[in-house]
Amino acid sequence: MSEALPGQRAGTMDRYLSSEHIRLRDEVCAFAREAIVPVAPHLDEAAEFLWDNAKSMARRGWLGIPVPRELGGMGLDTLSFIVVVEELAKFDGSHAITVAAHTTLGTSPIVSFGTEDQRRRFVPPLASGEVLGGFGLTEPGAGSDASGTRTRAVRDGDGYRLDGSKIFITHAGVGEIFTVTAVTDPDQGTHGISSFVVCKPTVDLARAKELGFGHKDDLPFTEGVRAGRKEDKMGWRASDTRELHFEGARVPAEQRLGEEGQGFVNFMRTLDAGRIGIAALSLGLAEGAFEAAVRYAHERRQFDRPIWDFQQIQFKLADIATDIEAGRHLTYHAAWLKERGEPFSKQAAMAKLFCSELAMRATLDAIQVLGGVGYTSEYEVERMMRAAKVCEIGEGTNEIQRLVIGRHVLAEVLADPALDSPPRSSRTTEAYSY
Ligand SMILES: Cc1cc2nc3c(=O)[nH]c(=O)nc-3n(C[C@H](O)[C@H](O)[C@H](O)COP(=O)(O)OP(=O)(O)OC[C@H]3O[C@@H](n4cnc5c(N)ncnc54)[C@H](O)[C@@H]3O)c2cc1C
């Protein structure tokens, strides 16, 4: 058995985590206690973007964790990114999604599918956290069915003219660099969808300039790209979610990401990676709520004893502890596969599905354990429950995750001759032979 590392906490999985991962996690924990805990309730209530902490996280390098050093990132592995998102989510979902969406949705498509020139121009300001990035796929008529994209990109001289609207785009207001999909050939179905890098100034220019973070003067801002209405959300209220509109926006051809017609496939690959981030975020929410419930159950006395002594309370928390351990295995394993360059689409969908449903169960159970105070904003568990719900919806709803998993398992079984069904009669005999 491996020896416990300094600072290692109960439930830590040292099969996956190195001492560097644990040091990074402890650094995030210390930051969260000092900088997130005091402000998160207010930011959530006011639905105010976490500008100050976004800058602090950028300074620490957390907006570019898995991005290669030569592109301005920290050059760390996928698991380092997962550990940071998980730890942030233990304290606040909005902080965690800011790092997760910026990294997997905003930055990674350009790292993965960009030309050398695109990577050099757009990745360093994102990875260093100079500006925030986002990903525009969802439209009013294209949610789960992204093939319903209506935004058009029409050839116009040596570039394209984009017209259309995206909705629910994380960082559409505060961010400056976006990868978005648009139809270049309506006759080709999903093969007629392409993707583009577009830039627009942040909506909060005064704040960004005052902070010295969130705006870069010399980006190729495209006229006709603008942020729309801000969503009044149930959770993740300190994260910025808005419409993104294209009104005759002229985008040069050198800002097309990948070949024409590759946008859909590339976005699906991006979402695979994003789902591991949502799994980590969900896991962190479950852990945060679980720890709050354990602490409370130990302190709160009724019938002359701590409520922890009641089996109904202890069993509820024992079940959540077990699921957290399972969720961590799924999430870290998916990250490990990605890091090794192996297929991870099925495992990412499983991790996202399991952990987001776990986050919902854990936060609701935590509220139950806390009783009346759990239902008030005095304790953080109600904020965590509101944050958990969107994890079952974003980056592909859980119904869609089940479709993805179903598609994989069917293909795997049909492709494996060893799993070929024996004749029904012998199968029945075998099934009852012991
Ligand atoms: C806070 C937030 C942030 C977001 N950030 C981004 C972002 O940065 N970029 C971006 O592009 N998008 C973003 N989204 C959009 C998100 O990805 C979509 O909301 C999600 O994919 C679901 O699409 P929809 O809302 O249109 O729901 P719909 O697709 O209309 O689904 C409605 C219901 O029908 C079910 N359903 C649909 N099709 C099927 C099917 N085939 N089988 C079974 N059930 C089905 C769904 O599971 C769901 O329960 C964000 C959303 C939220 C809420």
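A salt bridge is taken here as a side-chain nitrogen of Lys or Arg within 4 Å of a carboxyl oxygen of Asp or Glu. The model is predicted, with local features requiring pLDDT of at least 70 and side-chain atom pairs counted only at pLDDT 80 or more, while totals for chains, interfaces and linings use all residues. Residues are numbered from 1 along each chain as its sequence is written, and side-chain values rest on heavy atoms, with hydrogens and water left out.

The structure contains 31 salt bridges. In one of them, the side chains of Arg-207 and Asp-52 meet with an N to O distance of 3.0 Å. This pair connects distant parts of the chain, since Arg-207 belongs to helix α7 (residues 205-211) and Asp-52 to helix α3 (residues 51-59), 155 residues apart. Helices (H or I, at least four residues) and strands (E, at least two) are DSSP runs, numbered from the N terminus. Arg-207 is partly exposed at a relative accessible area of 21%, and Asp-52 is likewise partly exposed, at 44%.

Contacts of Asn-53 (heavy atoms within 4.5 Å) comprise Phe-31, Ala-35, Ile-36, Val-39 and His-95, with residues up to four places away in sequence not counted.

A further salt bridge joins Glu-116 to Arg-119, with the closest N and O atoms 3.8 Å apart. Both residues lie in helix α6 (residues 116-127), at a separation of three residues, or about one turn of the helix. Glu-116 is exposed, with a relative accessible area of 57%, whereas Arg-119 is buried, at 19%.

The side chains of Arg-250 and Asp-158 form a salt bridge at 3.0 Å, N to O. The two residues come from distant parts of the chain, with Arg-250 in strand β7 (residues 241-252) and Asp-158 in the loop between β2 (152-156) and β3, 92 residues apart. Arg-250 is partly exposed at 36% relative accessibility, and Asp-158 is exposed at 59%.

Glu-176 is situated in the loop between β3 (159-170) and β4 (177-183). Glu-176 is buried but has no salt bridge, the nearest side chain of opposite charge being that of Lys-200, 6.4 Å away. For charge, Lys and Arg count as positive and Asp and Glu as negative, with His and the chain ends not counted. The side chain of Glu-176 does make a polar contact of 2.6 Å with that of His-215. A polar contact is a pair of N or O atoms within 3.5 Å; within protein, one must be able to donate a hydrogen and the other to accept it, and residues adjacent in sequence count only if both atoms are side-chain atoms. Beyond four places in sequence, the residues touched by Glu-176 include Val-131, Leu-132, Lys-200, His-215 and Phe-221.

The ligand is surrounded by 17 residues, the closest being Thr-138, Ser-144, Phe-168, Thr-397 and Glu-399, where a residue qualifies if one of its heavy atoms lies within 4 Å. A side-chain N or O atom of Thr-138 is 2.7 Å from a ligand nitrogen, and a polar side-chain atom of Thr-170 is 2.9 Å from a nitrogen atom of the ligand. An oxygen atom of the ligand lies 2.8 Å from a side-chain N or O atom of Glu-399. The protein covers 65% of the 970 Å² of accessible area that the ligand has on its own, as computed by the Shrake-Rupley method with a 1.4 Å probe.

How values were computed. Buried means under 20% relative accessible area, exposed over 50%, partly exposed in between (1.4 Å probe, protein chains only).
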